[in-house]
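Hi there,

Here is the model I promised to pass on. Please have a look at it first, and my notes follow below.

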Amino acid sequence: MTAEFTADWLALREPADAEARNRPLVAMLLERVRAPLVVHDLGSGTGANRRWLDPALPKPQQWVLHEQEPDLVARAERSDADVRVGDFMMLRPEDLLGASLVTASAVLDILTKPQLERLTHTIAAAAVPALFVLTVSGRVQLTPSHPLDSAVSDAFNRHQHRNGRCGPDAVAVVAQAFRAVGYQVHLAPSPWRLGPHHRELTEQWLRGWCAAAAEEDPHLELDDYVRSRLDDCVAGRLRVVVHHNDLLALPGNRP
Ligand SMILES: C[S@@+](CC[C@H](N)C(=O)[O-])C[C@H]1O[C@@H](n2cnc3c(N)ncnc32)[C@H](O)[C@@H]1O
């Protein structure tokens, strides 16, 4: 079986993710954490979340990277992390004893509702703050518009729910689960704003977006659409906003 996320794709999206991330949420987090920090990064891939958060957080920091794909986590440049190759769904509250923060980037939408609720309960049982960033919201805006945009977007969003995944509903599920156990939840937008200087990322994103839509709805005839959108992209005419949400959950007084 091939990995769903390649190192090349994660590297291509990393600068757009870095630009998109919501800084005011991190400022709120900073009011609640004190160094030394122990940070657990779930689905760390090659370590992009750490590369962004490390300079924003007080030091010293100890990072624990949880990743099921050994080839990806082997590319996390720094060797000072505690790397745990495996399924982060196996985490228990006692594994988070002493943790200052649980974080994840671009991960929530690939989980099912039971998985998200279980993860939330594990984190809440350890009373640890959580920062989950760059979860797709399901909203995409392309400029100039094309008559097929909304059909492709709808099919893509249905594809995001395959095998019970929460897709664009993930943030709402996690927010509700944290609120139910007395956490304060803060949500904020973190959109990719792709223009002529993101040509390669836009092209790859477009191909993946359309391929998923076509897989979901084989009646969609997308060859001409893909060709015309790629032409727009290469000519520097296309702007795409891919909406995401960031979520900060802080332990509060339990009811
Ligand atoms: C979209 S990638 C994001 C990677 C990284 N956080 C980033 O922002 O570049 C999602 C990552 O989560 C990992 N992953 C998904 N489910 C997992 C699980 N249950 N346990 C461990 N890793 C998981 C995948 O292997 C993949 O590396």
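A word on terms before the findings: a residue is called buried when its relative accessible area is under 20%, exposed when it is over 50%, and partly exposed in between, using a 1.4 Å probe and protein chains only. By that definition, buried residues make up 51% of the 255 residues in the protein.

Please keep in mind that this is a predicted model, in which local features need pLDDT of at least 70 and side-chain atom pairs count only at pLDDT 80 or more, while totals for chains, interfaces and linings use all residues. Numbering starts from 1 along each chain as its sequence is written, and side-chain values use heavy atoms, with hydrogens and water left out.

On the overall fold, the protein has nine helices and eight strands, counted as DSSP runs (H or I of at least four residues for helices, E of at least two for strands) and numbered from the N terminus. Its radius of gyration is 19 Å, close to the 18 Å that the globule rule gives for 255 residues, so the protein is as compact as a globular protein of that length. That radius is taken over C-alpha atoms, and the rule is 2.2 Å times the number of residues to the power 0.38. Along the principal axes, the C-alpha atoms fill a box of roughly 55 × 35 × 35 Å. Taking contact to mean heavy atoms within 4.5 Å, 82% of the contacts between residues at least 6 apart in sequence join residues at least 24 apart.

Now the cysteines. With a disulfide defined as a pair of cysteine sulfur atoms within 2.5 Å, a search of the whole structure finds zero. C233 is in no disulfide, and the nearest cysteine sulfur, that of C210, is 11 Å away. C233 is buried at 5% relative accessible area, and C166 counts as buried at 6%.

Two cis peptide bonds are worth a look: one joins K59 and P60, with omega about 0°, and P60 lies in the loop between α3 (48-53) and β2 (61-67). The other runs from T143 to P144, with omega near 0°, and P144 is in the loop between β5 (130-143) and α6 (149-160).

A127 is not a glycine, yet it has a positive phi of about 55°; A127 sits in the loop between α5 (113-125) and β5 and is partly exposed at 42%. N163, also not a glycine, has a positive phi of about 55°. N163 is in the loop between α6 and α7 (170-180) and is exposed at 69%.

Best wishes
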